[in-house]
Amino acid sequence: MTTTTTTTATQENQVTSGATVWLTGLPSAGKTTIAHELAGRLRAEGHRVEVLDGDEIREFISAGLGFSREDRHTNVQRIGFLADLLARNGVKTLVPVIAPYADSRDAVRKRHQDSGTPYLEVHVATPVEVCSVRDVKGLYAKQAAGELSGLTGVDDPYEEPESPDLRIESQDQTVQESAASVYALLSERGLA
């Protein structure tokens, strides 16, 4: 009886332990697509999962913020707070958000470290040339036409992570393979 109880408790702990997976990269790199693919796999295994999409956050939690460095930092810190809160409460929190500045991402990592919450940074390192062809939201076309300025990685900086927990080159693999790489990292860390 004790073995069964211990095994059940271990399985419940594995399914309910939270973590934040921050997917950073350029616009149209594949961050959100990978996050949703991974979310489906995790949910199928019984994990509680939330995807904190950057566009939705901007609409509902960071409405009114612009795209200055200060506003982008504030947006990332708000998302980081929410991700940490969810993850501390047993949710696998997938965050496909550009977060272009290293100091902003470092502050989010530190918040998680301070609260003892698992945090993984995944750099979806798709080259700008590939992203501009994908151009999921038409941002690169608008920038090229002079209708948009401040596009991350084009006329606004993107500071690539120096030592992410995982680097994915989405142009060289399928969405399923990319999600499987993140899943493997979670498993390796005892989080999936």
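Biologist: Happy to start with Ser-62: in which loop is its place?
Modeller: Helices here are DSSP runs of H or I with at least four residues and strands are E runs of at least two, numbered from the N terminus. With those elements, the place of Ser-62 is the loop between α3 (54–60) and α4 (69–88).

Biologist: Before we go on, what kind of model is this?
Modeller: Residues are numbered from 1 along each chain as its sequence is written, and side-chain values use heavy atoms, leaving out hydrogens and water. Local features need pLDDT of at least 70, side-chain atom pairs count only at pLDDT 80 or more, and totals for chains, interfaces and linings use all residues; this is a predicted model.

Biologist: Thanks! Is Ser-62 buried or exposed?
Modeller: Buried means under 20% relative accessible area, exposed over 50% and partly exposed in between, with a 1.4 Å probe and protein chains only. Ser-62 has 1% relative accessibility, so Ser-62 counts as buried.

Biologist: Which residues does Ser-62 contact, beyond its neighbours within four places in sequence?
Modeller: Contact means heavy atoms within 4.5 Å. Leaving those neighbours aside, Ser-62 is in contact with Ile-57, Asn-75 and Arg-78.

Biologist: What is the phi of Ser-28, which is not a glycine?
Modeller: Most residues other than glycine have a negative phi. Ser-28 lies in the loop between β1 (19–24) and α2 (31–44), and counts as buried at 14% relative accessibility. Its phi is positive, about 70 degrees.

Biologist: And what is the phi of Ala-99?
Modeller: Ala-99 sits in the loop between β3 (92–96) and α5 (102–115). At 2% relative accessibility, Ala-99 counts as buried. Although Ala-99 is not a glycine, its phi is positive, at about 45 degrees.

Biologist: How is α2 oriented to α8?
Modeller: Axes are lines fitted to C-alpha atoms, for helices over the stretch in contact, with angles from 0 to 180 degrees between N-to-C directions. The axes of α2 and α8 (residues 175–188) come within 9 Å and cross at roughly 60 degrees. Angles under 35 degrees count as roughly parallel, over 145 as roughly antiparallel, 65 to 115 as roughly perpendicular and the rest as oblique, so α2 is oblique to α8.

Biologist: Last one: which residues does Arg-69 touch, not counting those up to four places away in sequence?
Modeller: Arg-69 is found in helix α4 and, at 41% relative accessibility, counts as partly exposed. Outside that sequence range, Arg-69 touches Tyr-101, Asp-103 and Glu-159.
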